[in-house]
Amino acid sequence: MGDDPDAGTNGVGKLTAAQIEKKARSAARSAEAVRLSGTVVSKGQTYRLQMRLKNSGGHGEVSHKGKSSFELLRVGKDLYLKANEDFWARQGKGGKEPTKNDRRAARKLVGKYVKVPSQDPAYKQFSGFTDMKVLLDGLLALDGSREVGDHGEVGGMKTIRVEAGEGNGGTVDVALHGTPYPLKLQRGGDAGTVRLSAWNQSFELSAPKKEQVVDYGKKISADGS
């Protein structure tokens with residue numbers, strides 16, 4: 001007989017798919033902090049995320065279309081955005097190439113934080129990237145009948161996989177040691193792959209200094225157009 005893959009683990013691998021998923025969701029919801037990295041498809045746009053999140057906010061970097069990248073910082077309800085020249089130069093261009101004047105103006109915003117107005121349409125989309133509960137609930141949503149998949153490993157941690165809709169509805173790899181946190185998520189419909197780590201590892205989160213903040217004064221486009 002072969003070695004028992006669940007020997008010495010937290011025992012989650014011996015549960016049903018529904019039970020494993022429930023434990024992973026419960027662990028994620030009770031956590032106070034997490035590091036998230038990977039790709040997320042939102043409203044038809046693909047974003048690459050490198051975020052650290054906790055209940056009071058989060059910070060990290062988001063890149064879009066391989067060239068427009070920006071940093072997000074949310075402290076409580078206040079959301080700040082720091083972007084590169086290309087991002088700001090393309091604001092309001094509707095997909096057209098920026099002019100020299102556009103780029104000249106954009107350079108003044110490089111290295112600065114722009115506070116995103118709460119009424120700006122971009123606020124809801126961008127703040128979602130920094131909202132731990134909203135983001136995790138969305139990422140952990142599976143579609144279809146659940147089955148227990150293979151044992152595996154993510155970041156050196158042994159895992160057990162739950163598959164939905166034979167994998168087409170998404171998969172989640174759950175830790176087999178310690179708390180059964182979700183460690184890797186494959187969203188259904190090719191909607192992104194995300195890794196989760198540094199669960200419950202706290203980090204510093206504070207608003208930027210006043211001299212680092214500027215008022216953009218216009219509508220901020222979530223896709224840089």
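Visitor: Which residues have the most contacts inside the largest nonpolar core?

Guide: In soluble globular proteins, nonpolar side chains tend to be buried together. A nonpolar core is here a set of buried Ala, Val, Leu, Ile, Met, Phe, Trp, Tyr and Cys residues joined through side-chain atoms within 4.5 Å, where buried means under 20% relative accessible area (1.4 Å probe, protein chains only). The largest has 53 residues, and Leu72, Leu81, Trp88, Phe126, Trp199 and Ile220 have the most contacts inside it. Helix H1 (residues 17–30) gives the largest share of this core, five residues. Apart from it lies another core of six residues, including Tyr113 and Phe203.

The model is predicted: local features need pLDDT of at least 70 and side-chain atom pairs pLDDT 80 or more, while totals for chains, interfaces and linings use all residues. Residues are numbered from 1 along each chain as its sequence is written, and side-chain values use heavy atoms, with hydrogens and water left out.

Visitor: With which residues is Trp88 in contact, leaving aside neighbours within four places in sequence?

Guide: Contact means heavy atoms within 4.5 Å. Trp88 touches Leu81, Ala83, Ala106, Leu109, Val114, Tyr216 and Ile220.

Visitor: What is the order of the strands in the open sheet?

Guide: Strands are DSSP runs (E, at least two residues), as helices are (H or I, at least four), numbered from the N terminus; two strands pair if DSSP finds at least two bridges between them. The 12 strands follow the order S7-S8-S9-S10-S11-S1-S2-S3-S4-S5-S6-S12, with mixed pairing. Strands S7 (146–154) and S12 (213–214) stand at the edges with a single partner strand each, so one side of each lacks a neighbour in the sheet. S7 runs antiparallel to S8 (residues 157–164), joined by seven bridges.

Terms used. Buried means under 20% relative accessible area, exposed over 50%, partly exposed in between (1.4 Å probe, protein chains only).
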